[in-house]
Amino acid sequence: MPELPEVEVTRRSFADRIAGGTVRGVALGKPLRWPLGVEPDALVGQCVRSVGRRGKYLLMELDGGWLLLHLGMSGSLQFAPVLPPAGPHDHFELDTSRGRLRLHDPRRFGAVVHVPSLDHPRAVRLLGGLGVEPLEAGFDPVRFHQALRLRRAPIKQVLLAGDIVVGVGNIYASEALFRAGIRPTTRADRISGPRAARLHGAIVDVLQRALALGGSTLRDFLSAEGQSGYFQLDAMVYDRAGQPCRQCTTAIRTIRQGQRSTYFCPLCQAR
DNA sequence: AATTATACCTGACAGC
DNA sequence: TGCTGTCAGGTATAAT
């Protein structure tokens, strides 16, 4: 469910409210992708110092370490002083003096992992290979082009890999490539400087726009405040197979790349 | 080293 | 009404 905008919207919805709270209890449901990595009771009494983000990971700083939270495909967070009774898909809950944070994740591809520091091998393994943040200054067109020149895989899959630039998931990859007029199957190393620059701009644009709109939601995205996003109202190609291109009316096509669906306009994205 | 396939899990939906 | 197969916003890990 969540790509970078959704994760960031989620973060902003509770970061300031939970900061300064003291952990009163931890409740676990079914196993998530990885074990928590700490005895839950060991977190009790610790203060929540901040909630940051790296790629699609949320980084919650506690007195004695960090919680890395990932929403996977179907995860969402809720934060409120009081929450309704936990359901069968609620698998992690942090009870703090400022409110309760709950991870709801039917598919359980998400994760909550505790590490003593961000230098810890576990954290480095998860975060160390991540590419640059697309909405920060480190993401510049020239370096982006240079990185693409080293990759022969299809550009769509290179974007999804997240080791050049993070946060671009399956929806925004298709959307950004459409805006840049680039066919998703194009080898990354065959993209010229100007076209890479255009793609760079498209990525920034589509992510910023989604962020401003509160995150996309093709199904059930809710921020931790329960607000629904509405990016789906103007998806140009994603999930629009067979429908007319909003720019040229040609039928949008879908293909499979690395077991994921890709959508594009065969005319607007000629190569 | 880069690329591709596999695995994790549940629910929704289409077709029979 | 089942049943089966397919698909779904991710990504670490194994295999090539």
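In which hand does H1 pass H6 in the crossing?

I started with the ground rules. This is a predicted model, so I kept to its limits: local features need pLDDT of at least 70, side-chain atom pairs count only at pLDDT 80 or more, and totals for chains, interfaces and linings use all residues. Residues are numbered from 1 along each chain as its sequence is written, chains are lettered from A and ligands numbered from 1 in the order written, and side-chain values use heavy atoms, without hydrogens and water.

**Entry 1: helix H6**

I looked up H6, residues 193-213. Helices are DSSP runs of H or I with at least four residues, strands are E runs of at least two, and both are numbered from the N terminus. The expected span is 1.5 Å times one less than the number of residues. For the 21 residues of H6 that gives 30 Å, and the end C-alpha atoms are 30 Å apart, so the two agree. Gly214 follows H6, with a positive phi near 95°.

I then listed its buried residues (under 20% relative accessible area; exposed is over 50%, partly exposed in between; 1.4 Å probe, protein chains only). Among them are Arg195, Leu199, His200, Ile203, Leu207 and Leu211. Their cover includes H1 (4-18), H3 (141-148), H4 (155-161) and H5 (170-180).

**Entry 2: H1 on H6**

The crossing is right-handed. The helices pack at about 35°, with axes 9 Å apart. I took axes as lines fitted to C-alpha atoms over the stretch in contact, with angles from 0 to 180 degrees between N-to-C directions. Pro5, Glu8, Val9 and Arg12 of H1 meet Leu207, Ala210 and Leu211 of H6. Contact means heavy atoms within 4.5 Å. I count 5 nonpolar, no polar and 2 charged residues here. Nonpolar covers Ala, Val, Leu, Ile, Met, Phe, Trp, Tyr, Cys and Pro; charged covers Asp, Glu, Lys and Arg; the others, Gly among them, are polar.

**Entry 3: H3 on H6**

These axes come within 9 Å and cross at roughly 115°. H3 and H6 are therefore roughly perpendicular (65 to 115 degrees). This crossing is right-handed. From H3 I noted Pro141, Phe144, His145 and Leu148; the H6 side includes Gly193, Ala196 and Ile203. The contact has 7 nonpolar, 3 polar and no charged residues.

**Entry 4: His114**

His114 is in strand S8, residues 111-115. At 9% relative accessibility, His114 counts as buried. Beyond neighbours within four places in sequence, the contacts of His114 include Leu36, Val38, Leu43, Trp66 and Leu67.

Conventions:
A crossing is left-handed if the near helix is turned anticlockwise from the far one by less than a right angle, and right-handed if clockwise. Angles under 35 degrees count as roughly parallel, over 145 as roughly antiparallel, 65 to 115 as roughly perpendicular and the rest as oblique.
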